[in-house]
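Q: Please take a close look at a single part of this model and describe in a connected way what surrounds it.

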Amino acid sequence: DPRPGHGVPPGEQDHAITETAPGHSTLLSGRSPASTGIVTNGLGVADPATRILGDPDAPGASPARFRGSALFDWLRAADSGSRALSVSRKDRGAILPIGRAREDVYWYVGGRWTTSDYYRASLPSWLTAYDARSGARALAGRAWDLLLPDSAYSEPDSEPYENGGKDFLFPHRFPADSARSVIDFPWMDSLTLDLALEGVRQLGLGRDGHTDLLSISLSSTDAVGHAYGPDSWEMHDQVLRVDRWLGQFLDSLARLVPGDSIVFALTADHGVTPYPEDLAAHHEPGGRIGLKPLVARLNAAYDHRFAMRFGFRTEAGLIYGDVAALRARGVDVDSVARATATEMRALDGVAEVYTPRSIAAASDADSNAGRWKRQLPDGFEWMVAGVAKAGYQWSDGTASTSHGTTNSTDVLIPMAFW
């Protein structure tokens, strides 16, 4: 139980935007997003200068925005024979733990495992053969049903707010195109672990006297959390399944690599906030804070006034854009930031709002100001940064729940070493 006083103390993400890209940039670098340069998911690994091997229409990805070094760089500096393999359903989950190193880094695109030309010009033959087997296609027509009897699940399975009000009751059947749709089902984690094991086998990791790095990012808990929330049968069943798959993976890995020469670390990039509707049912405060209307008004006012686009946008309580261009046109940016902060602070669920000027003056005792300072790199152009009250999330939609706040549900994470 991750709550204080209930067992082993948890890890804690100590930055403000608890999203996948910033979180993964910290895990093996030991540095905050303000240092790694990975501020948000949107400002994560997207790179139009690269192409995806085998799928030129898919968005390119690379660690171009990542700054500094990470664990693998330090391993390679100590031992030129060290190698790395990193796999994840998500591009950012595979890329960012490795930093900028051009190693074996693979993620799932359009129903197959691949990478971008940042890492290599063509896929290795072993991965092409693995893709051809496509275990995901074998799931077509199957159903995700409970692993254990109904009585083992204390949560309700009849909440119509889950999954956008569609298919929120067990069992959940795979669509015909299971190779693509598997990303929304627990089996994506099983496939990711299987690929990691195949990669270890083919690359001979951990068996040549050098210290190698295997990074695996499992994304199904995130997908299930978004769709069904943390208080659902689906999440309960997902955790049971990933626990068993991890056990099978560790047993199999020990057959390839001597177990006494492996160091394991298990942690996470973020948590998840319960569905506001679920909190309301238990008479607890909660809700969604939508910032898109505020940003739209900001853009409309200055785009029209100067006949150009300043590109203000919002993500996880942060509003950022081309502040320098606004200042260059004689606008009192501090005044605009204060007015925007006042408007944001009036929204239901907002606890605090910072501007660049106010956060610089915040005391060391202000933990949320500290988290935002560790989120935003020097020179990053931003207008306001907000703090959500407990139970609230930054969201303009209602079809899912989310994460991204500084609240305990989002920042507390597991941490285990073996």
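A: The second largest pocket is lined by 21 residues, and E19, E315, A316, W394 and S402 lie nearest its centre. A pocket here is an open set of points on a 1 Å grid over the protein atoms alone, with protein on both sides within 12 Å along at least five of seven lines, and lining residues have an atom within 4 Å of a point. This is a predicted model, in which local features need pLDDT of at least 70 and side-chain atom pairs count only at pLDDT 80 or more, while totals for chains, interfaces and linings use all residues. Residues are numbered from 1 along each chain as its sequence is written, and side-chain values use heavy atoms, with hydrogens and water left out.

The volume of the second largest pocket is about 410 Å³, where a volume is the space filled by probe spheres set on the grid points, which are joined across faces, edges and corners. The elements that give two or more residues to its lining are α8 and β10 (313-315); helices (H or I, at least four residues) and strands (E, at least two) are DSSP runs, numbered from the N terminus. By class, the lining of this pocket has four nonpolar, nine polar and eight charged residues. Ala, Val, Leu, Ile, Met, Phe, Trp, Tyr, Cys and Pro count as nonpolar, Asp, Glu, Lys and Arg as charged, and the others, Gly among them, as polar.

Helix α8 (residues 220-228) also packs against helix α9 (residues 233-256), at an angle of about 170 degrees and with the axes 9 Å apart. That makes α8 roughly antiparallel to α9, a term for angles over 145 degrees. Axes are lines fitted to C-alpha atoms, for helices over the stretch in contact, and angles run from 0 to 180 degrees between N-to-C directions. From α8, the residues S220, T221, V224, G225 and Y228 meet E234, M235 and Q238 of α9, where contact means heavy atoms within 4.5 Å. Three of the residues in this contact are nonpolar, four are polar and one is charged.

Y228 of α8 also belongs to the lining of the largest cavity, together with E159, Y161, E162, G229, P230, D231, S232, P274, Y275 and D278. A cavity is a set of points where a 1.4 Å probe fits but cannot get out. The volume of the largest cavity is about 50 Å³, and a search of the whole structure finds one cavity of 30 Å³ or more. Its lining divides into five nonpolar, two polar and four charged residues.

Conventions:
Angles under 35 degrees count as roughly parallel, over 145 as roughly antiparallel, 65 to 115 as roughly perpendicular and the rest as oblique.
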